[in-house]
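Work through the exercises below with the sequence and the 3D view side by side. Try each task before reading its solution.

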Amino acid sequence: MSAARSSAGLSDDPIENLTAWIQTNQKPIVAVISIAAVSAAAIFGYRWMDGNKRVDASAALYEASVPLRDGKLPEAQAALEKVVQRFGGTPSGANAVMLLSQVYYDQGKYPEGIAALEKQRGSAGRTFEASIEALIAVGYESQGKFETAAEHYAKAAEAAQFPLDKGANQANQARNLTSAGKLAEARKIWEELTKNEELPFAQEAQVRLGELAGSGK
């Protein structure tokens, strides 16, 4: 996409521009994140932060996202690292570290992505806890460390503030437990998910339980 096309339709709010870009460009590897929740939290934080720090943080995050939109991963990595270092503990810093982890993962740098997330986990705040834990889980899952991934998906589910996010993380936890051979533990989670038919995971849970029953394990 050309620079002219990618800049079309941008509003005057850099955070709104960034979150709109995330919504249209999110990759399967970060599908576990509730983009709507993260976006709402970021916009709230942007409104709440005072004066120059608010402007500087949001502007720095938006500027750092430009090379990411253009697919320039090394440049995006360097820019996002600076935002995280300068604005850690703010909503912009939390969004930056999540984007940074995606950049690391896209380059196959899973330990680096996990380390960046873990370093900011404590200061990011309750709002971002579930998303950060889920992204840590993605890093382990991508390395085939399914049991550890399941542990972090469990933490993400516990920290989730919305039923849909909780269900998504529980489903991911169950899938990873199955891959790790922890079938009894996976079955318990799928059974729990079948109880809420309003969630989109209830039907999958029924299918997974049937597969587990058919396997005789």
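The model is predicted, so local features need pLDDT of at least 70 and side-chain atom pairs count only at pLDDT 80 or more, while totals for chains, interfaces and linings use all residues. Residues are numbered from 1 along each chain as its sequence is written, and side-chain values use heavy atoms, with hydrogens and water left out.

**Exercise 1.** Describe the secondary structure of the chain and how much of the chain is buried.

Solution. Begin with the elements, which are DSSP runs numbered from the N terminus (helices are H or I of at least four residues, strands E of at least two): the chain has 12 helices and 0 strands. Next take burial, where buried means under 20% relative accessible area with a 1.4 Å probe, counting protein chains only; of the 217 residues, 47% count as buried.

**Exercise 2.** Find how the axes of α5 and α6 are arranged.

Solution. Two packed helices are described by the angle between their axes and the distance between the axes. Axes here are lines fitted to C-alpha atoms over the stretch in contact, with angles from 0 to 180 degrees between N-to-C directions. The axes of α5 (residues 73-87) and α6 (residues 91-106) come within 9 Å and cross at roughly 150 degrees. The two helices are therefore roughly antiparallel to each other, a term for angles over 145 degrees. The contact (heavy atoms within 4.5 Å) includes Leu80 and Phe87 of α5 and Leu100 and Tyr104 of α6.

**Exercise 3.** Is Thr194 buried or exposed?

Solution. First locate Thr194 in the loop between α11 (183-193) and α12 (201-215). Thr194 has 17% relative accessibility and therefore counts as buried. Leaving aside neighbours within four places in sequence, Thr194 is in contact with Ala202, Ala205, Gln206 and Leu209.

Terms used:
Buried < 20%, exposed > 50% of the residue type's maximum accessible area, 1.4 Å probe, protein only. Parallel < 35°, antiparallel > 145°, perpendicular 65-115°, else oblique.
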